[in-house]
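Look at the structure first, then read on.

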Amino acid sequence: MLDKILFLLCLASALADERCMPDTPHGFQVRLSIKTALGDEAYVWNENEMFLFRASLAFAMRNHMNGQQFEVSNIIVCNETMRVSFWFIVTSPLDTSQLIDQENVEAAIRQSRNRINSAFLLTDKTLEFVDILPTLATLYTHPTPPWLIVFGVVMGAVGAGIIIMLVSSVVQKKRKTNGKPQDKDDDEETRVKTVENGDAHDGVHNMSFSEDERFTKM
Amino acid sequence: MLEYVHKRHHCKLLNPCLNAELQKWVGKYNYPHTTRGITWRRSQDADMEKDARPNWDSPMQFVLACVSYAVGLGNVWRFPYLCQMHGGGGFLIPYFIMLLVEGVPLFYMELAIGQKMRLGSIGAWTAISPYLGGVGLASVVTSLYLCLYYNIINAWSFWYLFHSFQSVLPWAVCPINANRTAPIEECERASPTQYFFYRETLNISSTIEENGGIHTGQALCFLLTWVITYLCVVRGVQSTGKVVYFTATFPYVVLFIYLIRGFTLHGAVNGVKYMFTPKMDQLANPTTWINAATQIFFSLGLGFGSLIAFSSYNQYNNNFERQAITVSLINSGTSIFASIVTFAIYGFKATINYENCLERTRILLLNTFNLAEDTINMDNVFEWIEKLNATYPEQFNEIANDTGNCDLEKELATAVEGPGLAFIVYSEAITNMPLSQLWSVLYFIMLLLLGVGSMLGNITAIITPLQDFKAASLFLAGLVCLFCLLLGLGFTTTSGNYWFTIFNDYGATFSLLFIVLIEVITVSYIYGIKRFEKDIEDMLGHRPNWYWKIMWVAISPLLLIVLFVFYIVNYIMGGTPTYQAWDKEEVSFSFFF
């Protein structure tokens, strides 16, 4: 009896291994680049990490297909390489001979991609599911494009500058036409002033003609 | 009676009658230094003041205006290309020879004409010989062509400047497509910087025949550029003179900052070494000498009438000989300075591209052969390529096309000139620098100042002769700017860049050679070199050296004739002119006729 059970188990596991192979139509290839992502803080890839991977994949499947209780044993992994890449397939929890089709697996992974990534401290680029395109985050679109704001500021400043220039030149012109008849009167006055007041208050006092010598020295 | 307005010294004399006599005697002569100390003004001539020619506030303003005009975008994006194409450091030899033989004498001559005639180009040439007023008119028309298309470059600079105020520079990453699965295809096949320039800035069409609508953002920036240009010339030399303090000096500040930044970049030294290793065999190629002559000629901005216009506002005794030599040397020095910076940036960009290429190859090898991550690193990529090729030849053949084509020399040898250099190559390098928004803002402000400085010269070249004909109108400058703005809107359409290329390549080059050739022949033979000598002696106080005379009479005209013939031959032999069009599907350039 035990022999038969053992034989059946070996057969089952052999069957399961045969279904998981490179380029299988039911599974995907996974590639991890731990050293690229973490550098010195990279962890070593071992069986425990693989267990975590299978568990997180089971979690993703449970999230996507409501009601079905996926276990770690439903995730079958094969062809592990030094690169840290491998293939996996997913069996149904109700019937282990049935495999979940690719679309469902892809949808499940897409849905929980973030959670799987953070379980391994990796990103979309360093934890690659080959042939599953990550959903890219769109850049934040501003309600008003920022360039328009800067443009408005500069345009406003320049426009104000032009208005100031035009207004000041008009004001200057007005001042000139008003000030001209007065200028001529000022000329007469200053000339008269220079004649009457010999020395002005600013300027260099010319010592050779100082008024102190009104009284000649004895 | 004379009345004096003192600026610094109060001249106190004993006897007011003696004072008046002395002043009458002193007022006869124009001492150059009196412009700073005391300004003499006749009160009864106050009415004539309105018609008296405005002047630069100081000779420094004139020098800075000439520097601002001559040092333009060509120094940044044409000279480094020529240097690279014609043997690096060796190109400096023909460049300096042409500067001495052609550049400085012609520059000197234009300044002399302007300062002597004290009129714009039309009036000056009509005064020299009544039959040759057409030369001045040709200068004005050429300046007009340039004004039409040159400001679009400033509009692009504004566009990039305004877009630098974002947390992620928009030309650093590709925008995502509608499905959120991948970046936009056109962007992915080209590069984000090319996509931003050709698609988002220009929205370029596939051929010159397809005229789409006006790009609104471009048109707004274009309007802003013209408003700023108007603001700088609205009061003539009074306003231009103040603006050039900034436009002439700030680009050097930025270039210096970039020099320091450039040399501290990873791999910059590769570029500078590549540039300065002279390849002397290029000197035997006549194209090298032709290109050196052409570069000097266009870089100094001869023939547009701007130099004549600027120097017509000088004091009669201004020492323009020294200024001509100074400005020409500053212009050439700036070209070399800018090309050192450009080559540092080239070296940085080439090194980054090379290292990215190595990284891609490394990952490809790791993925294909499933090796552990740390077996291949950047240094032993090539060894591993050979090893894997030997051990797994069939598997290697599948990826053979994508490996082994990382070449630093090839990256350095890709030379770019023109707007492509300024807006694509440089902006790509900026995205790789830390704190890229700051560098971007600095860089595009520098481009703006270089461009606006040159524009001021050309606008002045148009306005000055027109103002000589009728009384100065406040609105003349505005009308010219408005006219150029409306016509220039055509360059903001989707095919605008092709029109821009046509204007840039063919609009002014031919005419300028012809104009300056006629100018130098006129001055040397029709006006007479002896008369010209006397005029210079009258202004400067000494006759020009025998060197200048030989240049004006013999060498420069000969050189210009050689250049002119070469251009004609090239034009005829070149067949139908072509232009490069951006193909949206192919994401590359195709040639059209």
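## A left-handed link

The link between B:Cys357 and B:Cys406 is left-handed, at -85° about the S-S bond. The sulfur atoms of B:Cys357 and B:Cys406 are 1.9 Å apart. Both cysteines are buried. Keep in mind that this is a predicted model.

## The other disulfide

Two disulfides turn up over all chains. B:Cys174 pairs with B:Cys187, with 1.9 Å between their sulfur atoms. Here too the chain is bridged between distant parts: B:Cys174 is in the loop between helix 9 (133-162) and helix 10 (185-189), and B:Cys187 is in helix 10 of chain B, 13 residues apart. The link of B:Cys174 and B:Cys187 is left-handed, with -85° about the S-S bond.

B:Cys174 has 15% relative accessibility and counts as buried. B:Cys187 is buried at 1%. In sequence order, the bonded cysteines of chain B pair 1-2, 3-4.

B:Cys66 is in no disulfide; its nearest cysteine sulfur belongs to B:Cys232, 16 Å away. B:Cys66 is buried, with a relative accessible area of 1%.

B:Cys221 is also in no disulfide, and the nearest cysteine sulfur, again that of B:Cys232, is 17 Å away. B:Cys221 is buried at 0%.

## An exposed aspartate

A:Asp23 sits in the loop between helix 1 (2-19) and strand 1 (28-32) of chain A. A:Asp23 is exposed because its relative accessible area is 65%.

Note on methods. Residues are numbered from 1 along each chain as its sequence is written. Chains are lettered from A and ligands numbered from 1 in the order in which they are written. This is a predicted model: local features need pLDDT of at least 70, side-chain atom pairs count only at pLDDT 80 or more; totals for chains, interfaces and linings use all residues. Side-chain values use heavy atoms; hydrogens and water are left out. Helices (H or I, at least four residues) and strands (E, at least two) are DSSP runs, numbered from the N terminus. Buried means under 20% relative accessible area, exposed over 50%, partly exposed in between (1.4 Å probe, protein chains only). A disulfide is a pair of cysteine sulfur atoms within 2.5 Å.
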